[in-house]
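Hi,

Here is the structure I promised to pass on. My notes follow below it.

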Protein chains: 2
Amino acid sequence: MTQPTYDRVALIGLGLIASSMFWAMKRAGFAGTVTGYARSEATRDTARRIGLTDRVCDSAAEAVEGADLVVLAVPVGAMGQVAEEIAPCLKPGATLTDVGSVKGHVVDTVAPHVPEGVHFVPAHPMAGTEHSGPEAGFAELFDNRWCLIVPPEGTDRQAIERLAEFWHMLGANTEEMDPEHHDLVCAVVSHIPHIIAYTMVGVADDLRRVSEQEVIKFSAAGFRDFTRIAASDPTMWRDVFLTNKKATLEILGRFTEELFALQRAIRTGDGQHLFDYFTRTRAIRRGIIEAGQDTDAPDFGRVKVEK
Amino acid sequence: MTQPTYDRVALIGLGLIASSMFWAMKRAGFAGTVTGYARSEATRDTARRIGLTDRVCDSAAEAVEGADLVVLAVPVGAMGQVAEEIAPCLKPGATLTDVGSVKGHVVDTVAPHVPEGVHFVPAHPMAGTEHSGPEAGFAELFDNRWCLIVPPEGTDRQAIERLAEFWHMLGANTEEMDPEHHDLVCAVVSHIPHIIAYTMVGVADDLRRVSEQEVIKFSAAGFRDFTRIAASDPTMWRDVFLTNKKATLEILGRFTEELFALQRAIRTGDGQHLFDYFTRTRAIRRGIIEAGQDTDAPDFGRVKVEK
């Protein structure tokens with residue numbers, strides 16, 4: 001490691017991401033102290049019960065006091081308010097980061113509150129599961145995943161590299177990106193897939209002529225793959241779409257354009273168009289498996305393969 | 001078992017489904033003989049090499065000779081032609097079935113060729129993986145999945161029940177359904193999810209401002225769930241959409257209607273609409289897991305959960 005890691009880390013928000021960060025730090029033998037805070041008392045109680053963070057605090061101000069790294073792990077829509085609340089308590093020289101899925105909005109709403117002498121280095125670990133809350137975390141969540149570091153212009157280079165080292169310790173790879181490009185990339189690989197999955201599941205739930213029992217029983221034919229991400233945290237995703245409006249609407253426009261072209265091919269019986277399209281999409285799957293970002297086990301390894 | 005199983009089974013087409021049927025028969029201790037035929041010589045060679053079926057034949061006619069059960073496991077668009085070819089060779093009293101994903105079209109194109117005295121009992125095992133070909137099959141594919149039996153009116157009751165017993169032997173549950181309802185249910189749980197997944201992957205592949213490398217690297221954020229089913233066999237899926245046009249276009253219409261409503265909520269900043277929609281879709285996921293049709297392991301069990 002080229003940089004010393006932090007002595008004191010504060011996790012603000014104790015959901016899937018923050019709890020996974022804590023377990024990954026433990027796994028790595030992190031020697032410092034980790035404090036935690038969650039707005040909900042029930043979440044704080046759960047965190048205390050399962051030993052999530054070394055000290056669960058009853059206020060954000062208390063949690064961040066003396067911390068070298070403060071991680072905002074709350075829904076994107078709440079980041080600005082939390083930043084405003086903790087700003088006076090931040091230690092000079094500390095790094096303030098976040099794990100939000102939208103970066104333009106976070107920069108716009110958090111940066112104005114960051115005091116002189118505190119390094120604001122936004123980041124986004126691109127990993128998650130369909131489960132949420134303090135008990136959903138696990139140490140391996142970030143292994144071989146990417147954490148995007150999205151520093152505003154002029155951010156201290158050493159603070160950026162120190163945060164990157166921290167994420168490497170948690171198992172992730174890191175890459176730097178500017179906020180606008182980040183939000184477009186995430187619209188493509190994350191936000192639009194989620195809105196589409198939510199839509200598909202909503203449609204199936206809403207049909208009169210096909211019962212919910214039928215949808216559930218026969219879901220293995222493709223539908224169930226959508227239901228995993230459509231079970232993701234509603235608050236988090238509401239905020240993502242409200243705050244990444246521009247890129248989301250742009251990619252949605254491209255999506256419906258393509259979908260209408262395929263719909264037209266179905267209507268007109270243009271088998272060649274369909275075949276060519278379906279052939280092209282296989283290649284990208286191979287790329288994902290070669291990059292170690294998914295398993296090649298049939299059916300995601302849901303069934304054992306033994307002949 | 002209430003019915004005796006078959007003595008001689010012929011598998012016409014040796015892809016994922018037929019090969020899984022063979023391995024599932026072996027696993028069940030099926031005592032009869034299984035013949036196989038595939039149009040492609042390369043597939044027949046592979047089948048011989050891996051011991052797929054007891055005897056690989058060089059013509060469909062040879063394979064079906066003397067068979068008590070003949071299974072058409074070819075793309076939906078080829079079913080009618082294959083049925084016409086083998087019709088003169090079918091044994092009186094035999095059952096002819098298929099495994100196609102669209103049933104109205106199969107009934108329309110196969111039934112006219114079925115000779116007097118042969119029982120035509122269409123079926124559809126709702127199971128699959130993203131892999132295809134003779135080497136993709138495995139014995140567990142149908143375990144706890146549903147095989148829909150879709151007999152035309154007037155089909156011999158004993159022939160239907162015998163085929164259902166056969167599928168139970170392979171590990172599947174069975175349910176009867178009429179062709180029109182079958183095709184609508186499958187549009188919802190299978191065909192539309194596939195066309196949407198293909199579209200999403202196609203859009204990502206086609207963008208200028210986000211590179212393919214970025215899409216691949218960061219796919220764990222949601223996108224990769226779509227790529228599994230978008231890697232399915234192009235020929236099979238072309239035929240599905242060409243032959244289940246009516247139901248596909250109906251459900252696609254519903255899908256775009258819902259998507260536009262969510263898009264409007266994003267544009268107008270209607271967070272409550274988004275939150276309510278995203279909350280509703282969680283329940284259907286729970287139903288699927290309770291029904292044993294998916295795993296509750298985070299992230300499909302792609303990563304181990306150990307704290």
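Is the crossing of α10(A) and α12(B) left-handed or right-handed? The crossing of these two helices is right-handed. Bear in mind that this is a predicted model.

Some detail on that pair.

On the α10(A) side, the residues involved are A:Pro234, A:Thr235, A:Trp237, A:Arg238, A:Phe241 and A:Leu242. They meet B:Gly271, B:Leu274, B:Phe275, B:Phe278 and B:Thr279 in α12(B). By class, this contact has seven nonpolar, three polar and one charged residues.

Now the whole interface. Contact joins 101 residues of chain A to 101 residues of chain B. On the chain A side, α7 (179-206), α8 (212-217), α9 (223-229), α10, α11 (245-268) and α12 (271-290) each supply at least two residues. The largest share comes from α7(A), with 19 residues. The side of chain A that touches chain B has 54 nonpolar, 21 polar and 26 charged residues.

Last, the symmetry. Chain A superposes on chain B by a rotation of 180° with 0.0 Å of shift along its axis, at RMSD 0.0 Å. That is the relation of a two-fold axis. Of the interface residues of chain A, 100% are also interface residues in chain B, so the copies meet through the same surface.

Best wishes

Technical notes: Residues are numbered from 1 along each chain as its sequence is written. Chains are lettered from A and ligands numbered from 1 in the order in which they are written. This is a predicted model: local features need pLDDT of at least 70, side-chain atom pairs count only at pLDDT 80 or more; totals for chains, interfaces and linings use all residues. A crossing is left-handed if the near helix is turned anticlockwise from the far one by less than a right angle, and right-handed if clockwise. Helices (H or I, at least four residues) and strands (E, at least two) are DSSP runs, numbered from the N terminus. Two residues are in contact if their C-beta atoms, placed from the backbone, lie within 7 Å. Ala, Val, Leu, Ile, Met, Phe, Trp, Tyr, Cys and Pro count as nonpolar, Asp, Glu, Lys and Arg as charged, and the others, Gly among them, as polar. Copies are superposed by least squares on the C-alpha atoms of residues with pLDDT of at least 70 in both.
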